Amino acid sequence: MGHIVIREDRCKGCEICVRFCPKQCIVMSDRFNSKGHHPSEFHDTGECTGCTVCAVMCPDVAIEVYK
Amino acid sequence: MKGNEAVVRGAIAAQCRAFFGYPITPQNEVPEYMSKYMPAAGGVFLQAESEVAAINMVYGAASAGIRAMTSSSSPGVSLKMEGLSYIAGAQLPCVVVNVQRGGPGLGNIAPAQADYFQAVKGGGHGDYKLLTVAPWSVREMFEHAALAFDLADRYRNPAMILSDAIIGQMLEPIEIPDKVEVDIPPKPWATTGAKGRGRNFITSLYIVPEDLERINLDIQAKYAEACRREVRFQEFEVEDADMVLVAYGCVARICRTTMNLARRKGLRIGLFRPITLFPFPSERLAALARDGKRFLTVELSAGQMVEDVRLAVNGAA
């Protein structure tokens, strides 16, 4: 099982990772980050495979993937 | 991760245990991250008082058989040229990263590829060359650190990672491997304290002309072997291409996009990317020229690599 770490302060809340995660393991947070955006956050359902699609798609290189 | 961080992580994974640097944009993240990661790896990080001091510290560390590295950007790399000539003359391995910026002189901090001649033709005085690799991605900034150290150790010659402000500064996702395979040969020549053996002596001074000639012939023999064994390049859609773009580093990335756009319009364009700039992939280019390919060299300078392409093609295209 994989998991991801999102560097919240880099996130501008574009939601690309949410759309691309094939296992729906990423959701948008209700909180604000220091830039005033709602960042995305890891929703650990145990389904994450560490496929790295989120990290590859993230335009701000804010996601680290652990396999 | 930024390219400049990746080259640091790659170097430490490749057992680099000494880094000496001096700040200059756009390579500042290299010493910055070295100062963060090197102490944890049990190595030495030191910010020198100048670029000249840094390269001479590398000379010292390399003499002791340690994998040592320095980095800078164009004007700073010029300052290192005297030291590099001495290191090549003393036949020591080390790695220098050049995150190229605009020149000549102080130039600016924008990306450039105008240090090609300096990197691949020697740069300092004397008959030497730097084993030069040209990363085109953040991932290759990581991988080329090990490649450059392996080449340097194999040939006891300084190696250069010829990057640029785009590759150094851009962020890309990369996968950090758990372990990096490195090829560190035994170093019986290293000055590690002469307990139980005769003394080792490292110098680039050979006053007797015959001695110096013998050393120079040895050095040239190493380069000839590197030209036979170490050439690396990558080809895209070259087979059916009428015209082949030749580019390295950040420009090769742009050319790949250009090639794809041109292909969509039905133009048969290919891309040839030298990964090692010295040794240059001359033989492969010559073979493509004999096949009737035409070439367009694209680089972020007024035309430097184009001279090596012309020599390789030698009028055949």
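The model is predicted, and it scores ipTM 0.74 and pTM 0.93. For chain B, the mean pLDDT is 97, with 100% of its residues at 70 or more.

**Chain A**

- Two helices and four strands form the secondary structure of chain A, and their order along the sequence is β-α-β-β-α-β.
- Chain A is as compact as a globular protein of its length, because its radius of gyration of 11 Å is close to the 11 Å that the globule rule gives for 67 residues.
- Taken along the principal axes, the box filled by the C-alpha atoms of chain A is roughly 30 × 20 × 20 Å.
- Of the 67 residues in chain A, 22% are buried.
- When contacts in chain A between residues at least 6 apart in sequence are considered, 63% of them join residues at least 24 apart.

**Contact between chains A and B**

- The contact involves four residues of chain A and four residues of chain B.
- On the side of chain A that touches chain B, three residues are nonpolar, one is polar and none is charged.

**Domains of chain B**

- Chain B is divided into domain 1, covering 3-169, and domain 2, covering 233-313.
- The centres of domain 1 and domain 2 of chain B, taken over C-alpha atoms, are separated by 26 Å.
- Between these domains, 20 residues of domain 1 of chain B are in contact with 18 residues of domain 2 of chain B.
- On the domain 1 side of this contact, at least two residues each are supplied by α6 (116-120), β5 (131-133), β6 (158-164) and α8 (165-169) of chain B.
- With four residues, α6(B) gives the most to that side of domain 1 of chain B.
- By class, the side of domain 1 of chain B that touches domain 2 of chain B holds 15 nonpolar, three polar and two charged residues.

**Helix α3 of chain B**

- The buried residues of α3(B) are Glu51(B), Ala54(B), Ile55(B), Met57(B), Val58(B), Tyr59(B), Ala61(B), Ala62(B) and Ser63(B).
- These buried residues of α3(B) pack against strands and helices of chain B, namely β1 (18-21), β2 (44-47), β3 (68-72), α4 (74-79), α5 (81-89) and β4 (94-100).

**Helix α10 of chain B**

- The 16 residues of α10 (residues 249-264) of chain B should span 22 Å at 1.5 Å a residue, and the end C-alpha atoms of this helix are 24 Å apart, which agrees.
- Gly249(B), Cys250(B), Val251(B), Ala252(B), Cys255(B) and Met259(B) are the buried residues of α10(B).
- The elements of chain B against which the buried residues of α10(B) pack are β6, α8, β7 (233-236), β8 (243-246) and β9 (269-274).
- Two of these elements, β6 and α8, also supply residues of the side of domain 1 of chain B that touches domain 2 of chain B.
- After α10(B) comes Gly266(B), with a positive phi near 90°.

Notes: Residues numbered from 1 in each chain as written. Chains lettered and ligands numbered in written order. Predicted model: local features only at pLDDT ≥ 70, side-chain atom pairs only at ≥ 80, totals over all residues. Rg over C-alpha atoms; globule rule 2.2 N^0.38 Å. Buried ≥ 20, exposed ≤ 12 C-beta atoms within 10 Å, placed from the backbone. Contact = placed C-beta atoms within 7 Å. Nonpolar A, V, L, I, M, F, W, Y, C, P; charged D, E, K, R; others polar. pLDDT = per-residue confidence, 0-100. Domains from an automatic or database assignment. Expected span 1.5 Å × (residues − 1).
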